Amino acid sequence: VKAVYLLNQNYSHGQQVAKYFKEGINRKRPDVQIVGDDLVPLGQALADVMADALIISIQSPQPSGMGSGWEWFSVLGITESNRVPRVAQAMPSFAATVRHWQQLAQVDAANTVLIGFSQGAIMVLEATQSQPGLAGKAIALAGRFAVQPQRSPAPTSVHLLHGGADPVMPVGLSEAAFAQLTAMGASVTLQRFEGLGHGIDHRVIDAVRQHVQHPRSATSGNQ
(Lines give C-alpha, C1' and ligand atoms only; values in the text may rest on other atoms or scores of the structure.)
Protein backbone atom coordinates (compact mmCIF):
# COMPACT_ATOMS: atom_id res chain seq x y z
CA VAL A 1 0.00 0.00 0.00
CA LYS A 2 1.48 3.33 -1.11
CA ALA A 3 -1.52 5.68 -1.11
CA VAL A 4 -4.70 5.96 0.96
CA TYR A 5 -7.90 7.93 0.33
CA LEU A 6 -10.05 8.43 3.45
CA LEU A 7 -13.86 8.43 3.26
CA ASN A 8 -15.48 9.06 6.66
CA GLN A 9 -18.87 10.15 8.01
CA ASN A 10 -19.25 13.86 8.81
CA TYR A 11 -19.85 13.67 12.54
CA SER A 12 -17.67 13.30 15.61
CA HIS A 13 -16.90 9.57 15.29
CA GLY A 14 -16.12 9.81 11.58
CA GLN A 15 -13.83 12.77 12.15
CA GLN A 16 -12.08 10.99 15.02
CA VAL A 17 -11.55 7.88 12.89
CA ALA A 18 -9.88 10.02 10.22
CA LYS A 19 -7.73 11.78 12.83
CA TYR A 20 -6.57 8.58 14.56
CA PHE A 21 -5.92 6.83 11.24
CA LYS A 22 -3.75 9.65 9.98
CA GLU A 23 -1.80 9.78 13.26
CA GLY A 24 -1.32 6.00 13.26
CA ILE A 25 -0.29 5.72 9.63
CA ASN A 26 2.23 8.55 10.06
CA ARG A 27 3.83 6.70 12.98
CA LYS A 28 3.88 3.19 11.53
CA ARG A 29 4.06 3.79 7.77
CA PRO A 30 5.57 7.22 7.03
CA ASP A 31 6.11 6.03 3.44
CA VAL A 32 2.35 5.87 2.80
CA GLN A 33 0.81 9.02 1.32
CA ILE A 34 -2.72 10.16 2.21
CA VAL A 35 -3.95 11.47 -1.13
CA GLY A 36 -7.45 12.50 -0.08
CA ASP A 37 -9.55 13.05 3.04
CA ASP A 38 -13.25 13.56 2.33
CA LEU A 39 -16.26 13.48 4.63
CA VAL A 40 -18.76 12.27 2.04
CA PRO A 41 -22.44 12.72 2.93
CA LEU A 42 -24.75 9.87 2.06
CA GLY A 43 -27.35 12.40 0.97
CA GLN A 44 -25.23 13.46 -2.00
CA ALA A 45 -24.93 9.86 -3.14
CA LEU A 46 -28.73 9.57 -3.09
CA ALA A 47 -29.28 12.94 -4.73
CA ASP A 48 -27.10 11.89 -7.65
CA VAL A 49 -29.60 9.17 -8.60
CA MET A 50 -32.86 10.66 -7.29
CA ALA A 51 -33.32 13.95 -9.05
CA ASP A 52 -37.04 14.13 -8.15
CA ALA A 53 -36.47 13.69 -4.40
CA LEU A 54 -35.96 16.43 -1.82
CA ILE A 55 -33.08 15.23 0.36
CA ILE A 56 -32.52 17.08 3.63
CA SER A 57 -29.39 16.56 5.73
CA ILE A 58 -30.26 17.56 9.30
CA GLN A 59 -27.42 18.68 11.54
CA SER A 60 -27.58 17.50 15.13
CA PRO A 61 -28.25 20.46 17.43
CA GLN A 62 -25.46 20.09 20.01
CA PRO A 63 -21.69 20.41 19.59
CA SER A 64 -20.08 17.06 20.32
CA GLY A 65 -18.60 16.62 23.77
CA MET A 66 -15.89 14.41 22.25
CA GLY A 67 -14.31 16.97 19.95
CA SER A 68 -15.37 18.30 16.55
CA GLY A 69 -18.77 17.44 15.11
CA TRP A 70 -22.33 17.46 16.41
CA GLU A 71 -24.60 15.15 18.38
CA TRP A 72 -28.25 14.63 19.36
CA PHE A 73 -27.28 13.53 22.86
CA SER A 74 -24.07 13.23 24.82
CA VAL A 75 -22.24 9.92 24.77
CA LEU A 76 -19.88 10.88 27.60
CA GLY A 77 -20.35 8.34 30.36
CA ILE A 78 -23.21 6.69 28.50
CA THR A 79 -24.62 3.41 29.83
CA GLU A 80 -27.50 1.12 28.96
CA SER A 81 -29.60 2.78 31.67
CA ASN A 82 -28.91 6.45 30.96
CA ARG A 83 -29.06 6.13 27.16
CA VAL A 84 -32.87 5.89 27.26
CA PRO A 85 -33.55 9.22 29.03
CA ARG A 86 -30.94 11.00 26.92
CA VAL A 87 -32.60 9.85 23.71
CA ALA A 88 -36.05 10.72 25.10
CA GLN A 89 -34.86 14.23 25.93
CA ALA A 90 -33.56 14.73 22.39
CA MET A 91 -36.60 13.23 20.65
CA PRO A 92 -38.97 16.26 20.71
CA SER A 93 -36.40 18.39 18.87
CA PHE A 94 -35.75 15.59 16.38
CA ALA A 95 -39.45 15.04 15.64
CA ALA A 96 -40.15 18.77 15.43
CA THR A 97 -37.34 19.18 12.90
CA VAL A 98 -38.70 16.38 10.72
CA ARG A 99 -42.23 17.83 10.84
CA HIS A 100 -40.89 21.30 10.04
CA TRP A 101 -39.34 20.02 6.82
CA GLN A 102 -42.40 17.95 5.97
CA GLN A 103 -44.54 21.07 6.25
CA LEU A 104 -42.07 23.24 4.36
CA ALA A 105 -41.75 20.70 1.53
CA GLN A 106 -45.45 19.77 1.62
CA VAL A 107 -44.54 16.09 1.91
CA ASP A 108 -46.65 13.79 4.04
CA ALA A 109 -45.30 11.19 6.45
CA ALA A 110 -46.06 8.28 4.11
CA ASN A 111 -43.62 9.75 1.56
CA THR A 112 -40.93 10.56 4.11
CA VAL A 113 -37.88 8.32 4.51
CA LEU A 114 -35.73 8.82 7.60
CA ILE A 115 -32.12 7.65 7.26
CA GLY A 116 -29.69 7.73 10.16
CA PHE A 117 -26.16 6.53 10.84
CA SER A 118 -24.96 5.49 14.30
CA GLN A 119 -26.44 8.01 16.75
CA GLY A 120 -28.71 9.28 14.01
CA ALA A 121 -29.90 5.70 13.52
CA ILE A 122 -30.81 5.51 17.21
CA MET A 123 -32.97 8.62 16.80
CA VAL A 124 -34.62 7.23 13.65
CA LEU A 125 -35.40 3.88 15.30
CA GLU A 126 -36.65 5.35 18.56
CA ALA A 127 -38.91 7.70 16.60
CA THR A 128 -40.79 4.61 15.39
CA GLN A 129 -41.63 3.91 19.03
CA SER A 130 -42.34 7.35 20.50
CA GLN A 131 -43.45 9.20 17.34
CA PRO A 132 -45.60 6.66 15.45
CA GLY A 133 -46.32 7.53 11.85
CA LEU A 134 -43.56 10.15 11.58
CA ALA A 135 -42.28 8.56 8.37
CA GLY A 136 -43.15 5.85 5.88
CA LYS A 137 -39.70 4.23 6.10
CA ALA A 138 -36.96 4.22 8.71
CA ILE A 139 -33.49 3.17 7.53
CA ALA A 140 -30.93 2.60 10.28
CA LEU A 141 -27.24 2.31 9.40
CA ALA A 142 -24.98 0.83 12.09
CA GLY A 143 -27.50 1.72 14.77
CA ARG A 144 -29.66 0.31 17.51
CA PHE A 145 -32.79 0.93 19.53
CA ALA A 146 -32.09 2.64 22.85
CA VAL A 147 -34.08 -0.21 24.32
CA GLN A 148 -35.52 -3.17 22.43
CA PRO A 149 -38.77 -2.19 20.66
CA GLN A 150 -41.96 -2.60 22.66
CA ARG A 151 -44.49 -2.01 19.88
CA SER A 152 -44.86 -2.55 16.17
CA PRO A 153 -43.69 0.53 14.24
CA ALA A 154 -46.60 0.28 11.75
CA PRO A 155 -47.28 2.06 9.49
CA THR A 156 -43.51 2.65 9.26
CA SER A 157 -41.34 -0.04 7.66
CA VAL A 158 -37.94 -0.51 9.28
CA HIS A 159 -34.73 -1.39 7.43
CA LEU A 160 -31.64 -2.34 9.43
CA LEU A 161 -28.24 -2.18 7.66
CA HIS A 162 -25.24 -3.18 9.75
CA GLY A 163 -21.58 -4.07 9.35
CA GLY A 164 -20.76 -7.59 10.47
CA ALA A 165 -17.49 -6.37 12.04
CA ASP A 166 -18.87 -3.28 13.80
CA PRO A 167 -16.89 -2.78 17.06
CA VAL A 168 -18.92 0.25 18.21
CA MET A 169 -22.47 -1.08 17.89
CA PRO A 170 -22.28 -4.85 17.42
CA VAL A 171 -24.46 -6.28 14.65
CA GLY A 172 -26.16 -8.46 17.28
CA LEU A 173 -28.14 -5.38 18.33
CA SER A 174 -29.74 -5.18 14.89
CA GLU A 175 -30.25 -8.95 14.79
CA ALA A 176 -32.08 -8.84 18.11
CA ALA A 177 -34.22 -5.92 16.94
CA PHE A 178 -35.05 -7.75 13.71
CA ALA A 179 -36.19 -10.82 15.65
CA GLN A 180 -38.29 -8.71 18.02
CA LEU A 181 -39.96 -6.70 15.25
CA THR A 182 -40.57 -9.80 13.15
CA ALA A 183 -42.33 -11.43 16.11
CA MET A 184 -44.58 -8.35 16.31
CA GLY A 185 -45.52 -8.70 12.65
CA ALA A 186 -43.71 -5.52 11.65
CA SER A 187 -42.50 -4.73 8.13
CA VAL A 188 -38.77 -5.09 8.73
CA THR A 189 -35.60 -6.08 6.84
CA LEU A 190 -32.07 -6.75 7.99
CA GLN A 191 -28.92 -6.70 5.88
CA ARG A 192 -25.56 -7.64 7.35
CA PHE A 193 -22.44 -6.55 5.47
CA GLU A 194 -19.55 -8.89 6.12
CA GLY A 195 -16.18 -7.31 6.89
CA LEU A 196 -17.65 -3.83 7.41
CA GLY A 197 -16.96 -2.04 10.68
CA HIS A 198 -18.75 1.02 12.02
CA GLY A 199 -19.15 2.77 8.71
CA ILE A 200 -20.72 2.99 5.28
CA ASP A 201 -19.38 1.50 2.06
CA HIS A 202 -20.66 1.15 -1.51
CA ARG A 203 -22.72 -1.92 -0.56
CA VAL A 204 -24.59 0.07 2.07
CA ILE A 205 -25.17 2.99 -0.29
CA ASP A 206 -26.55 0.62 -2.95
CA ALA A 207 -28.83 -1.02 -0.37
CA VAL A 208 -30.13 2.37 0.83
CA ARG A 209 -30.92 3.34 -2.75
CA GLN A 210 -32.87 0.10 -3.19
CA HIS A 211 -34.86 0.64 -0.01
CA VAL A 212 -35.68 4.23 -0.91
CA GLN A 213 -36.71 3.45 -4.46
CA HIS A 214 -38.34 0.02 -4.12
CA PRO A 215 -40.47 -1.59 -1.38
CA ARG A 216 -39.22 -4.91 -0.03
CA SER A 217 -40.81 -7.61 2.12
CA ALA A 218 -39.39 -8.71 5.45
CA THR A 219 -36.07 -10.48 4.99
CA SER A 220 -32.69 -11.08 6.56
CA GLY A 221 -29.43 -11.68 4.73
CA ASN A 222 -25.68 -11.23 4.48
CA GLN A 223 -23.75 -9.37 1.80
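Predicted model: local features only at pLDDT ≥ 70, side-chain atom pairs only at ≥ 80, totals over all residues.

Tutor: A residue to start from is Ala-142, which counts as buried because its relative accessibility is 2%.

Student: Where is Ala-142 placed?

Tutor: Ala-142 sits in the loop between β6 and β7. Its phi is near 50 degrees, a positive value in a residue other than glycine.

Student: What about the peptide bond from Ala-154 to Pro-155, cis or trans?

Tutor: That bond is cis, with omega near 15 degrees. Pro-155 also belongs to the loop between β6 (137-141) and β7 (157-163).

Student: Is Ser-118 buried or exposed?

Tutor: Ser-118 counts as buried because its relative accessibility is 5%, under the 20% cut-off. Its place is the loop between β5 and α4.

Student: Which side chain does the Ser-118 side chain meet in a polar contact?

Tutor: That of His-198, at 2.8 Å. The side chain of His-198 also makes a polar contact of 2.8 Å with the side chain of Asp-166.

Student: Where does His-198 sit? And is it buried or exposed?

Tutor: His-198 lies in the loop between β8 (188-193) and α6 (202-213). With a relative accessible area of 11%, His-198 is buried.

Student: Back to α4. How many of its residues are buried?

Tutor: 11 of the 12, so α4 is largely enclosed by the rest of the structure. The buried ones include Gln-119, Glu-126, Thr-128 and Gln-129, as well as Ile-122, Met-123 and Leu-125.

Student: What covers them?

Tutor: The cover for the buried residues of α4 includes β4 (70-71), α3, β5, β6 and β7.

Student: What span should α4 have, and what does the model give?

Tutor: At 1.5 Å a residue, the 12 residues of α4 should span 16 Å, and the end C-alpha atoms are 16 Å apart, which agrees.

Student: Where is the kink in α3?

Tutor: At Met-91, shortly before the proline Pro-92, and the kink is about 35 degrees. Met-91 is also one of the buried residues of α3, which include Asn-82, Arg-83, Val-87, Phe-94, Val-98 and Gln-102. Among the elements covering the buried residues of α3 are β5 (113-117) and α4 (119-130).

Student: What comes just after α3?

Tutor: Gln-106, which takes a positive phi of about 55 degrees.

Student: You listed Asn-82. What does its side chain do?

Tutor: A polar atom of the Asn-82 side chain lies 2.7 Å from the backbone nitrogen of Thr-79. Asn-82 itself is in helix α3.

Student: Now the packing. How many residues has the largest nonpolar core?

Tutor: It has 18 residues, and those with the most contacts inside it are Val-87, Phe-94, Leu-114, Met-123 and Leu-134. Helices α3 and α4 each supply at least two residues of this core. The most comes from α3, with six residues.

Student: What does Leu-114 touch?

Tutor: Leaving out residues up to four places away in sequence, Leu-114 touches Phe-94, Val-98, Val-124, Leu-134, Ala-135, Lys-137, Ala-138 and Ile-139. Apart from this core lies another, of 15 residues, among them Ala-45, Val-204, Val-208 and Val-212.

Student: And the whole chain, how many helices and strands?

Tutor: Six helices and nine strands. Of the 223 residues, 43% count as buried.

Student: Last one: what is the accessible surface?

Tutor: It comes to about 11,400 Å², of which 55% belongs to carbon and sulfur atoms.

Technical notes: Residues numbered from 1 in each chain as written. Heavy atoms only, no water. Helix = DSSP H or I, 4+ residues; strand = E, 2+ residues; numbered from the N terminus. Buried < 20%, exposed > 50% of the residue type's maximum accessible area, 1.4 Å probe, protein only. Polar contact = N/O pair within 3.5 Å; in protein donor to acceptor, adjacent residues only side chain to side chain. Bend = angle between axes of the 7 residues up to and from the residue. Contact = heavy atoms within 4.5 Å. Core = buried A, V, L, I, M, F, W, Y, C linked by side-chain atoms within 4.5 Å. Areas by Shrake-Rupley, 256 points an atom, 1.4 Å probe, with all protein chains shown as cover. Expected span 1.5 Å × (residues − 1).
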